Amino acid sequence: ICNPTFDDLRILKYAQQLPLLSLVNFCYDNSKIHGKVSPVWKLTKEGDPSFEDRYCRNRYFSYMFTQRGSYTLSLSIEDTNGNSKEVSKKELLKIV
């Protein structure tokens, strides 16, 4: 295993298939919402009730995928006026 380089960078907008032990960093910077506050990321593994959902309350969410399967990512976010929005990408990642 080696450190990733800029050549390893991928922008995920649609579902992707990645190899096992991929380290993925998520960020909401491309969101069009102004004054973003109170983010809550949620990572769920589809079809595996024994997988404990991962939550992160930060601008950035990093996760190394150590199990094969399909994963759904959700982001709940507010703006400084208290308006909230939640987006969920079902089976955004498939780890093989």
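Rings of Phe, Tyr and Trp (its six-membered ring) pair if their centres lie within 6.5 Å; planes under 30 degrees apart count as stacked, over 60 as edge-to-face and the rest as tilted. The structure holds six such aromatic pairs. This is a predicted model, in which local features need pLDDT of at least 70 and side-chain atom pairs count only at pLDDT 80 or more, while totals for chains, interfaces and linings use all residues. Residues are numbered from 1 along each chain as its sequence is written, and side-chain values use heavy atoms, with hydrogens and water left out.

**Overall build**
- The protein chain has seven strands and zero helices, where strands (E, at least two residues) and helices (H or I, at least four) are DSSP runs numbered from the N terminus.
- Along the sequence, the pattern is β-β-β-β-β-β-β.
- Of the contacts (heavy atoms within 4.5 Å) between residues at least 6 apart in sequence, 57% join residues at least 24 apart.

**Burial and core**
- Of the 96 residues in the protein chain, 28% are buried; buried means under 20% relative accessible area, exposed over 50%, and partly exposed in between (1.4 Å probe, protein chains only).
- A nonpolar core is a set of buried Ala, Val, Leu, Ile, Met, Phe, Trp, Tyr and Cys residues joined through side-chain atoms within 4.5 Å.
- The largest nonpolar core has 18 residues, of which F26, W41, F61, F65 and L93 touch the most other members.
- Two or more residues of this core come from each of β2 (23-27), β3 (36-45), β5, β6 (69-79) and β7 (84-95).
- Strand β6 gives the largest share of this core, four residues.

**Aromatic pairs**
- The rings of F26 and W41 form a tilted pair, because their centres are 6.1 Å apart and their planes are at 35°.
- This pair links distant parts of the chain, with F26 in strand β2 and W41 in strand β3, 15 residues apart.
- F26 counts as buried at 8% relative accessibility, and W41 is buried with a relative accessible area of 4%.
- The rings of Y63 and F65 have centres 4.9 Å apart and planes at 80°, so this pair is edge-to-face.
- Y63 and F65 are both buried.
- F51, Y63, F65 and Y71 are linked into a cluster by ring pairs.

**Surface**
- The protein chain exposes about 7,100 Å², and carbon and sulfur atoms supply 49% of this area; accessible areas come from the Shrake-Rupley method with a 1.4 Å probe, and for residues only the protein chains shown count as cover.
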